[in-house]
Amino acid sequence: MPSADEVKTRIEAAIPGAAADVQTADDVHFSATVRASAFVGLSRVQQHRLVMDVFDGELGGAIHALALKTEVS
Amino acid sequence: MSDTAIRDAISQAIAENDIILFMKGTPDHPACGFSARTVAMLQALETPFTAVDILPDPRIRQELSAISKWPTIPQLFHKGELVGGCDIVTEMYESGELADTLGVEAPAAAPESAGPVPAAPLGIENRLG
């Protein structure tokens, strides 16, 4: 099971200029706030897709749920 | 019904309905807290919307996500465009942006912002399953 730190590290490694704040109570349901310069000019849907794509195939598996909030930094 | 026919039917439903929500369960009997919460926000805006239950056939979910490039449920569309899932809809509801986007008036009780999300049963659960 991924830890909050692993989720944070993977988001920050995959998205240029990203800073993620990740919380989890059970290592299965995660809540993340992600700020990234890469979000400039993107719609919210496009911003969320960038983050969800990091966990392609794992959402619904190891990561049951990822509540997401994105902000342009 | 073939996968292609299902995909075509979904595309047509998105094109033909100004506001359409793909959810688990129905507005009266939502089967997931995130779907329930999204329904509650739309109902708070008093806007009519079309709801599609994705649960009866797993291929609905599969084809919908292939069309929308969005892995989770619920999914709200406005005039053919994906507005977002529960997180985005919640953020937009709280800022008043959802009412603007959908072209409806924000609830009169809260003129500056739509206020807190209306209560709906929401537990930690798998919104993807």
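I started at helix H4 of chain B and listed its buried residues: B:Cys86, B:Asp87, B:Ile88, B:Val89, B:Thr90, B:Met92 and B:Tyr93. I count a residue as buried if 20 or more other C-beta atoms, placed from the backbone, lie within 10 Å of its own. Helices (H or I, at least four residues) and strands (E, at least two) are DSSP runs, numbered from the N terminus.

The model is predicted: local features need pLDDT of at least 70, side-chain atom pairs count only at pLDDT 80 or more, and totals for chains, interfaces and linings use all residues. Residues are numbered from 1 along each chain as its sequence is written, with chains lettered from A and ligands numbered from 1 in the order in which they are written.

Why is H4(B) largely enclosed by the rest of the structure? Seven of its 10 residues are buried, so it is. I looked up the cover next. It includes helix H2 (44-54) and strand E3 (65-72) of chain A, together with H2, E3, E4 and H5 of chain B. After H4(B) comes B:Gly96, with a positive phi near 90 degrees.

Then I checked B:Val89. Leaving aside neighbours within four places in sequence, B:Val89 is in contact (C-beta atoms within 7 Å) with B:Thr38, B:Met41, B:Leu76, B:Val83, B:Gly84 and B:Leu98.

Technical notes: Two residues are in contact if their C-beta atoms, placed from the backbone, lie within 7 Å. A residue is buried if 20 or more other C-beta atoms lie within 10 Å of its own, exposed if 12 or fewer, and partly exposed in between; C-beta atoms are placed from the backbone.
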